[in-house]
Amino acid sequence: MNIVNVDYDGLIPNNVDLNHDARVKKALESWHPGYIDWWHDMGPEGFQQSLVYLRTAVSVDPKGWAKFDYVRMPEYKWGILLAPQHAERKIPFGAHKGEPAWQEVPGEYRAMLRRLIVIQGDTEPASVEQQRHLGKTAPSLYDMRNLFQVNVEEGRHLWAMVYLLQKYFGADGRDEAEALLQRRSGDPDTPRMLGAFNEQTPDWLSFFMFTYFTDRDGKMQLESLAQSGFDPLSRTCRFMLTEEAHHMFVGETGVGRIVERTCQAMKEAGIDDPADIARVRKLGVIDLPTIQKKANLHFSLTLDLFGNEISTNAANAFHAGLKGRFREDRLKDDHQLEGATYPVLRLVDGKIINQDVPALSGLNMRLRDDYVVDCNVGVARWNKIIEGYGIPFAIRLPHVAFHRHIGEFSGIHADVDGDVLADAQWTARRDEFLPSAADRDFIESLMQPQTEPGKFAGWIAPPKVGIDNKPGEFEYVKIVDA
Ligand SMILES: [Fe+2]
Ligand SMILES: [Fe+2]
C-alpha cells in the first residue's frame, strides 16, 4: 500500500490500510452516520446542496497533496491521512528520550494520552458549530468558499482524532468518539471542553480573527503533539498542520483586506484621524479602533487555551514524552529540562512580575510565548498596510494579563498595557478595550451577503490572488437553495 497516495475507493479514504484492519474499519463505518447527522445538524447552515470549489487531500506528499473540484459538502471525502512513518524515529524528549517511538499506546500513559487526543479532537467540530451561520452573510463567494474549506477540514481533523481513538483505545475510545459528536459549542448542558470554543462567531470580522488567533493556537498545539513519542499521533498532527496553514492564511488575509478597505475608504474621503469613528463608519467600513478591540477579544480568549501558568499536567505530558515544545526537534538543549528554569509572568501580591519557575512546570507559558511571537508576524503585516496609507495607527496585541478567564490573571482586571484596574475602573473602561454592544451592532449592520461572482462587500478589499489561481470572477460556490 502506497502511504503517499490515498485509497479513495471506500467510504473512508485513507492511507492507513483500513481494508486490512477490519475492526477499525467497522468501528469507523458505524461512527460515520452519526458524523453525517452531526454535519447536517451543526455544519454550514443553508448551503448543504451548494457546489463548493473545495480542495480535498488526495496524498500526503508535500509537493501535491490536494485536488480542487466542486463538491457538495455532505459528500466531501473526509479521509484519514497520516504523514509517512520514519522507520528509525526515536522519542525526542522527556524521560524516554532516545527510545524507539511508540507504535502502540504505552500502557502507563494511556489515560493521559487519551485525554490529549480528546481535547484536541473536541476543538475541531466546535469551530464548525461556531461558524455555521456565517455562510448567509458572506462578503463574497471567494470568502464563502474559504469558510467552507476551513469547515470541512476541521471535520477531517475530527476524523483524524477519532481514528486514533477507535484504533488505539478500544471501548473507551469508541465512547469518546461518540461523545465528540454529542457536545455542542455554547450549549449550557453539554458544552465543548474549552472556553474559546463556546464563544460565538457572530460576524466575519470575528471569523477572520478566530482563524487568525484561535486556529493559530491549534497550530501550536499540533506542533507540540507532532513531536509526540506516540508515533501515530505525531504523524496525524504533521499532516493536519499542512491544512491548518490555510486556515491562518484565511484569517491573516481576511483581517488584512478589511484593514486595507478601511484605509482606502478613509483616504478617499480625506479622513486622516483613525479615531474619527463616526465619520469612518458612515463610509460603510469598519474603523481601525474597532478592529483593534476585536483583536483584543480574540487574542485574550485564545490565551486562555494555553492553560495555567504553572501546570503539572503539562510537565507530566512532557516528561512522559507525549507532548513536546513548539518545534522541539529544532531546539538545542537536553530535551529533558529536569533542572532548567523558565521565566513566567505571575501575579504576586497583586503585582505582575516575571519569575523563574521550573521549566517543566512552565511549559504552557513557553508555548504561549512562542504563540505570541507567531501572532505578531501577521500583526506587523496589517500595520504595514496601514502605514502604506500614512494613517497614524498601529494594531498591537494586548498584555497577557488583559481580559483573562484562566490562570493567575483571571482574578484581576488589567488594561491592555497590563496595568491592574480596580473593578469599578474596569467596568467604566471596558468598552475602550473590548467591542461594545454598539460596536457589535454596527458590524452586524454591514453583514449583508454578496453572492455575485467577482463582487465583494464594501467593507472588505478583494484578495490579491484567487484560490487555485482562479480569476476574479470565478464562481467559487454555485449556490443551490436547500
Ligand atoms: Fe483543525
Ligand atoms: Fe483550523
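# Burial, fold and contacts of a predicted chain

Biologist: What percentage of the 482 residues in the chain do buried residues make up?

Modeller: The model is predicted, so local features need pLDDT of at least 70 and side-chain atom pairs count only at pLDDT 80 or more, whereas totals for chains, interfaces and linings use all residues. Residues are numbered from 1 along each chain as its sequence is written, chains are lettered from A and ligands numbered from 1 in the order in which they are written, and side-chain values use heavy atoms, with hydrogens and water left out. Buried means under 20% relative accessible area, exposed means over 50%, and partly exposed lies in between (1.4 Å probe, protein chains only). By that criterion, the buried share of the 482 residues is 57%.

Biologist: How many helices and strands does the secondary structure of the chain come to?

Modeller: Helices (H or I, at least four residues) and strands (E, at least two) are DSSP runs, numbered from the N terminus. Under this assignment, the chain comes to twelve helices and seven strands.

Biologist: What is the radius of gyration of the chain?

Modeller: The quantity is taken over C-alpha atoms, and the globule rule is 2.2 Å times the number of residues to the power 0.38. For 482 residues the rule gives 23 Å, and the value of the chain is close to it, so the chain is as compact as a globular protein of that length. The C-alpha trace spans about 65 × 60 × 40 Å along its principal axes. The radius of gyration itself is 23 Å.

Biologist: What share of the contacts with a separation of 6 or more comes from residues 24 or more positions apart?

Modeller: A contact means heavy atoms within 4.5 Å. Among contacts in the chain with a separation of 6 or more, the share from residues 24 or more positions apart is 71%.

Biologist: Which residues is His157 in contact with, leaving aside its neighbours within four places in sequence?

Modeller: His157 belongs to helix H3, and it counts as buried because its relative accessibility is 0%. Once its neighbours within four places in sequence are left aside, its contacts are Glu124, Met240, Glu243, Glu244 and His247.

Biologist: Which residues does Thr242 touch, not counting residues up to four places away in sequence?

Modeller: Thr242 sits in helix H6, residues 231-269, and is partly exposed because its relative accessible area is 30%. Its C-alpha atom is separated by 9.0 Å from that of Val60, 182 residues away along the chain. Not counting residues up to four places away in sequence, Thr242 touches Arg55 and Trp65.

Biologist: How far from Cys237 is the nearest cysteine sulfur?

Modeller: A disulfide is a pair of cysteine sulfur atoms within 2.5 Å, and by this rule the count comes to zero. Cys237 is in no disulfide, and the nearest cysteine sulfur, that of Cys375, is at 19 Å.

Biologist: Is Cys237 buried or exposed?

Modeller: The relative accessible area of Cys237 is 0%. Cys237 is therefore buried.

Biologist: Which residues is Ile310 in contact with, leaving aside its neighbours within four places in sequence?

Modeller: Ile310 lies in the loop between helix H8 (288-303) and helix H9 (312-319). With a relative accessible area of 34%, Ile310 is partly exposed. Ile310 and Gly407 are 97 residues apart in sequence, and their C-alpha atoms are 8.4 Å apart in space. Beyond its neighbours within four places in sequence, Ile310 is in contact with Arg346, Val357, Ser361 and Glu408.

Biologist: What is the phi of Asp349, which is not a glycine?

Modeller: Asp349 is in the loop between S3 and strand S4 (351-358). Asp349 is exposed because its relative accessible area is 75%. Although it is not a glycine, Asp349 has a positive phi of about 50 degrees.
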